[in-house]
Amino acid sequence: MPKAEYRLILKHADEPGYTVDIDCYLRHGGYQVLKKALAMAPDQIIQEVKISGLRGRGGAGFPTGVKWGFINHEKNTKPVYLLCNADESEPGTFKDRQIIYKDPHQLIEGMVISAYANRAHLAYIYIRGEFAKGAEILEKALAEARERNFLGKNILGSGYDLEIYVFRGAGAYICGEETGLIESLEGKRAYPRIKPPYFPAVLGLYMCPTIVNNVETLCHVKHIVEMGGAEYARIGTPNNTGTRIWCVSGDVNKPGYYEYPCGAITFGELLYEVCGGIRNGNKLKAVIPGGSSAKVLRADKKYKIPRKKEDGSTEMIEMGLEDIPLDFDTVAATGSMSGSGGIIVMDHTRDMVECLRNIAEFYAHESCGQCTPCREGSLWMKKMLDRICSGGGRPEDSKLLLEVANHIAGRTICAFGEACAWPVQSFVEMFGEEFEAKQRRESSLEILEPVTTRTA
């Protein structure tokens, strides 16, 4: 029997008879936590979020309470904005859509509480342009919330005013990067900003303090206020508190979204017990643990994981992929990241060079073009992989791929450079023999023009 899910955010998402309208939400206790929150001081809520240990669920895993604490409300004289990042453009990730499509008022309640805590009176839900249905659901839910005075002027007689608007993005991957999102919201091309000085909490939307949080993160705030930060922190493991929604795609029998406390389940338990095993009885070959930008993990490799001993010292233990618990820190210790929670599974029939070419094509297409290493390098890597896959590979191509990737990572304004370089670095390092075998194959197709790292 697979471990039972602990559904906190998705508690009602697939419940028979549960609908997205506000009456259904109210029948299930909706907006009661908002009443509790409005009776608290904003700083009390921020403190509870800090105590909870909540880490952002959008990709970076940064502590939410710490991010909120960056705004100095005693000295700040500018408006504060709250932005909900619902762009969700990371391939392999589809959890936020489930929340929006199945329980939109949970997000709105979490946003109102978060906006109140951060003294924001205007908030936006930035949703990917292609998610037309999601935008429609949110617009309807916001109208219902306004009608019941959960939004607008003097919310529930508290004296607090807030308006939330839905903004449909342009459908570009870079719009999910927080400063790119802000640029897009301001009506400009979504070029990410340089940090520093453009940390959103200091210089965000319209150069004012701005908090940018992911959909799932904002939903957690509601539950933290409801149960208290200390009680919430008991879910999961130290430094990895609360639940996470893992969306699993690829070569498993039951792909889907599953919610568990952080660290409560291993890769093996999730893939074999919860997801019904590898498709067609095949053998597990590799996993990308946090969306396509995360480094791939090889199934037959042993990973060195630090573990604290009883005396407080740390020891390194070896662990196979299937035994690794799903939390932020352990997955990071493998050299990858849990990122957005999108787990992509590949079985032994997969051609890893073809898989990487597919990923590289996406990032070459989605590069915003602002930084030269990313703009040029992502396209070079895609062309080299095209050449290898079409039979025109050269012995030196693996080394050249790594060289190009190494010249992108850490040399761009935003983390898109890492997003396109990390898959290349990890695929070549983990599955070098497949690249060499493909490069040795004689081409039956026209050999493409050679690519070098030299520029004219």
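Author: A charge sits over a ring if NZ of Lys or CZ of Arg is within 6 Å of the ring centre and within 35 degrees of the ring normal. In this predicted model, the charged end of Arg 244 is placed in that way over the ring of Trp 246, at 4.9 Å from its centre.

Reader: Over which ring does the charged end of Lys 301 sit?

Author: The charged end of Lys 301 sits over the ring of Tyr 303, and the distance to the centre of that ring is 5.5 Å.

Reader: How many aromatic pairs does a search of the whole structure find?

Author: The search finds 12 aromatic pairs. In one of them, Tyr 173 and Phe 362 have ring centres 5.5 Å apart and planes at 85°, and because planes over 60 degrees apart count as edge-to-face, this pair is edge-to-face. Tyr 173 belongs to the loop between strand E3 and helix H8, while Phe 362 belongs to helix H13, so the pair ties together parts that are 189 residues apart in sequence. The rings of Phe 362 and Tyr 363 are also edge-to-face, with centres 5.0 Å apart and planes at 85°. Tyr 173, Phe 362, Tyr 363 and Phe 416 form one aromatic cluster.

Reader: Is Phe 362 buried or partly exposed?

Author: Buried means under 20% relative accessible area, and Phe 362, at 24%, counts as partly exposed, whereas Tyr 363 is buried at 1%.

Reader: How should I read the confidence of the model?

Author: The protein chain averages a pLDDT of 93, and 97% of the residues score at least 70, but over residues 443-448 the pLDDT is below 50. Where pLDDT is low, the predicted coordinates should not be read in detail.

Definitions and conventions. Residues are numbered from 1 along each chain as its sequence is written. This is a predicted model: local features need pLDDT of at least 70, side-chain atom pairs count only at pLDDT 80 or more; totals for chains, interfaces and linings use all residues. Side-chain values use heavy atoms; hydrogens and water are left out. pLDDT is the predictor's confidence in each residue, from 0 to 100. Contact means heavy atoms within 4.5 Å. Rings of Phe, Tyr and Trp (its six-membered ring) pair if their centres lie within 6.5 Å; planes under 30 degrees apart count as stacked, over 60 as edge-to-face and the rest as tilted. Helices (H or I, at least four residues) and strands (E, at least two) are DSSP runs, numbered from the N terminus. Buried means under 20% relative accessible area, exposed over 50%, partly exposed in between (1.4 Å probe, protein chains only).
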